[in-house]
Amino acid sequence: MKRIPRFAIGLFTGLALGWLLSSVEWNSGSARSVLAVEQDAQLQLSPEEERNISIFEKASPSVVFITTLSGDRNPFRLDASTVRAGTGSGLVWDKEGHIITNFHLIRQANSAKVTLADQSSWPAELVGTDPDKDLAVLRIDAPAEQLHPLRIGSSGNLRVGQSVYAIGNPFGLDQTLTTGIISGLGREIQSITQRPIVDVIQTDAAINPGNSGGPLLDSAGRMIGINTAIFSPSGGSSGVGFAVPIDSVKRIVPQIIENGHARRAGMGVVLGPDHVARQLGLEGIVITGIVPNTPAASAGFQPIRQDRRGRMHLGDIITKIDGDAVTTSNELYLKLDEYEPGDVVTVTVLRHTGPAEVNVELIDIASF
């Protein structure tokens, strides 16, 4: 048997090894090509996804995280300590450092801290509030270049079914985006003061505790409302959230910045529960008290009074404002919201002697 020369074996081995390496290289190149195609496919976002990302990236620098603090006394120590009262969201209103949020977020706080999107934190001072609309204005002394006000839209031409986006800090989670649609318009909810907030926007975009005070945006990234409440027996999002319409915010916030409160027209009467008039078979609102030095006092309105024997005597019942019937406290509040302090209205009251009309010059009751 002839031996195969060593150089032939080496040549054969080298050729085989070269073929094997080239095959492996070709296969790995194929694998890389397949992987690149898969990665490219993953990066191909839908137009809707691109829009969501764009809205979030443009609006999120304007959304802030608010931590409220309240004074408390530690039972194990003799000195008072400060504890965190709650967290929520807010938004940058202007380059002067004004921050908008909900009144219910700061109402029990002694102080607050605002954390911007760049993670810098600033102590906040309270500029003013409008509890009737669940709005509050804070201010931080941050450089203008770190403040990014949101674009302001309009809530007057919204339509049920259009897309909306909520950005906030639910459960303390930083910078969260949820999407949905406007599911209802013209809603009415009760504020902390039991006055109605009207024309509220209803949305199914998830709004959870901590989202309060954050913006509700339209598909162009403009703010159309401030998230304020959810309707949920469990306390979590159930697809029914509410936002104060931006048209109301645009009217109220400048007043708060200028005066420390929103101007609200009123007479100076204290209203009784609606069921009192119903039980008496009357259509109107019972006056239970008069604020001193107000137009109601000057006009001679009579509240419910108690005589020496403890018997209650009914006073005036408000039935109309400028000829329009008002039968509940809500209807009266809504009617007065149509006026400005300084306007004169004709109030129709029912007295024991019969109906009477009284001209009253409205005042800014928020200053009392």
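This is a predicted model: local features need pLDDT of at least 70, side-chain atom pairs count only at pLDDT 80 or more; totals for chains, interfaces and linings use all residues.
A second salt bridge joins the side chains of Arg 264 and Asp 130, at 2.9 Å from N to O. Arg 264 lies in the loop between H4 and strand S13 (265-266) and Asp 130 in strand S5, so this pair ties together parts that are 134 residues apart in sequence. Both Arg 264 and Asp 130 are buried.

## A buried aspartate without a salt bridge

Asp 134 lies in the loop between strand S5 (121-130) and strand S6 (135-139). Asp 134 is buried yet has no salt bridge, and the nearest side chain of opposite charge, that of Arg 107, is 7.5 Å away. A polar atom of the Asp 134 side chain does, however, lie 3.1 Å from the backbone nitrogen of Phe 103. Neighbours within four places in sequence aside, Asp 134 is in contact with Thr 101, Asn 102, Phe 103, His 104, Ile 197 and Thr 228.

## Nonpolar cores and Leu 217

The largest nonpolar core has 25 residues, and those with the most contacts inside it are Leu 91, Trp 93, Ile 100, Leu 217, Met 223, Ile 226 and Val 249. Among the elements that give two or more residues to this core are helix H2 (47-59), strand S9 (196-203), strand S11 (223-230) and helix H4 (246-259); the largest share, five residues, comes from H4. Apart from this core lies another, of 20 residues, among them Met 267, Ala 296, Leu 332 and Val 345.

Leaving aside neighbours within four places in sequence, Leu 217 is in contact with residues including Ile 55, Leu 150, Tyr 165, Arg 222 and Met 223. Of these, Arg 222 forms a salt bridge with Asp 218, the closest N and O atoms being 2.9 Å apart. Arg 222 is partly exposed, with a relative accessible area of 36%, whereas Asp 218 is buried, at 6%.

## Strand S18 and its partners

Strand S18 (residues 317-321) is mostly covered, four of its five residues being buried. S18 runs antiparallel to strand S15 (residues 285-290), to which two bridges join it, with Ile 317 as the bridge partner of Val 286. S18 also pairs in the antiparallel sense with strand S20 (residues 344-351) over four bridges, where Lys 320 has Thr 348 as its partner.

The antiparallel pairing of S18 with strand S19 (residues 324-325) extends over two bridges, and Ile 321 stands opposite Asp 324. The hairpin of S18 and S19 has two residues between the strands, and in this hairpin Asp 322 takes a positive phi near 50°.

## The protein overall

The protein contains seven helices and 22 strands, and 41% of its 368 residues count as buried. Among contacts with a separation of 6 or more, 60% are between residues 24 or more positions apart.

Technical notes
Residues are numbered from 1 along each chain as its sequence is written. Side-chain values use heavy atoms; hydrogens and water are left out. Buried means under 20% relative accessible area, exposed over 50%, partly exposed in between (1.4 Å probe, protein chains only). Lys and Arg count as positive and Asp and Glu as negative; His and the chain ends are not counted. A salt bridge is a side-chain nitrogen of Lys or Arg within 4 Å of a carboxyl oxygen of Asp or Glu. A polar contact is a pair of N or O atoms within 3.5 Å; within protein, one must be able to donate a hydrogen and the other to accept it, and residues adjacent in sequence count only if both atoms are side-chain atoms. Contact means heavy atoms within 4.5 Å. A nonpolar core is a set of buried Ala, Val, Leu, Ile, Met, Phe, Trp, Tyr and Cys residues joined through side-chain atoms within 4.5 Å. Two strands pair if DSSP finds at least two bridges between them.
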